[in-house]
Every structure is written in structure tokens, then in C-alpha cells.
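Please keep the sequence and the coordinates at hand while reading.

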Amino acid sequence: SEQLGMGFKYYNYKSSNSIDNIILRDLDGALYIGKMSDDISIDFIGPFFSTRFLNAKKKNSLLLNFGLGYMGYANDAFLKTVLDVKGSTLGSCWDIAYDFGVTENLAIGFQLSYLMVFLTSLEISDGMRTETIKLEKENYVGLNRIDISIGLRFNL
């Protein structure tokens, strides 16, 4: 309808980093000097519910969106050996956007999004064995993100 809507949202975030010549001392006292790297991917997919408030001329609009869905985390890491770190849980996403009508069906808008999720367990694999680690509450992994975007919106 003109004020309410629903759909699905897919969100993907990728990041990578590496550091050379790190010095690591393991629990046995052995030293490792070498590279450490991360290649992270975070995915969100789920249903989305929207409400839209139009201005008096029905050209500009304020949009509020909310969604709950699957949030997945994957990190192809390297620290002395290749590590595959994964986790998933239920996550939530909120958007607030304002669109300026350019034509009857096209708008340019600004959007602020907030994704919120905390991983309570991680699965870590070194290629030979896989271990699931349940995290204590103070060690939960927060994958919270704030995004600001500018885009075009096509209105039917």
C-alpha cells in the first residue's frame, strides 16, 4: 500500500586485512614470526517490513524499515595456519531513509541503516579438525554495523 510494505533484504559486507612480521608466543613458549590475515564476510537475509510517510504533495517521503533474519559470519583467517571461522544467528536490521522525489516514480534518497547481532558460538576449523566454541556472555562477538547510503529508489 502507499504507507505499508514488505519484502526481503539481502545485505553483504566484506573486509580484509593483513599484517606481516608479527611476533606470537604460543602457550608452550615457542615464537612465531610471520603473517596474520583476515578475510571477513557478513551476510544478512530476511523479511523486511516498511512504513512510509509522504509529504503533503506526495513527492518526498520518510521511510522506516525493520527486519529480522539470518546473519552469517565467515572469516578465512591465517595465523601460523589457515583457520576457517564461522558463526550464524538471528539478527535484526533497522533503516531510516528520506527520499526526494525527482519524477513521479523516481526518487533520490539518503539512508541510515543499523544491523545488530551477537554471535554466541563460533566454529573454528584448521583443515584437520573442527571445534565449536560456546562463548561466555562477556565474550560474545558483536557484528553491529552502521551504514550510511545514498541511492535511487524506483516507486511503483
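Predicted model: local features only at pLDDT ≥ 70, side-chain atom pairs only at ≥ 80, totals over all residues.

## Fold

Among the contacts between residues at least 6 apart in sequence, 61% join residues at least 24 apart.

## Dimensions and surface

The radius of gyration of the protein is 21 Å, whereas a compact globule of 156 residues would have a value near 15 Å. Along the principal axes, the C-alpha atoms fill a box of roughly 70 × 30 × 25 Å.

Buried residues make up 28% of the 156 residues, and the protein exposes about 10,500 Å², of which carbon and sulfur atoms supply 59%.

## Charges and salt bridges

The protein carries 15 positive and 18 negative charges, whose mean positions are 9 Å apart, and the structure holds 7 salt bridges. One of these joins the side chains of Glu-2 and Lys-58, at 3.2 Å from N to O; the pair links distant parts of the chain, with Glu-2 in the segment before β1 and Lys-58 in the loop between β2 and β3, 56 residues apart. Glu-2 is partly exposed, with a relative accessible area of 33%, while Lys-58 is exposed, at 53%.

Lys-80 forms a salt bridge with Asp-26, with the closest N and O atoms 3.6 Å apart. Because Lys-80 lies in the loop between β3 and β4 and Asp-26 in the loop between β1 and β2, the pair ties together parts that are 54 residues apart in sequence. A salt bridge also joins Arg-145 and Asp-147, at 2.7 Å from N to O, and both of these residues are buried.

Methods: Residues numbered from 1 in each chain as written. Heavy atoms only, no water. Rg over C-alpha atoms; globule rule 2.2 N^0.38 Å. Buried < 20%, exposed > 50% of the residue type's maximum accessible area, 1.4 Å probe, protein only. Contact = heavy atoms within 4.5 Å. Areas by Shrake-Rupley, 256 points an atom, 1.4 Å probe, with all protein chains shown as cover. Lys, Arg positive; Asp, Glu negative; His and termini not counted. Charge placed at Lys NZ, Arg CZ, Asp CG, Glu CD. Salt bridge = Lys/Arg side-chain N within 4 Å of Asp/Glu carboxyl O. Helix = DSSP H or I, 4+ residues; strand = E, 2+ residues; numbered from the N terminus.
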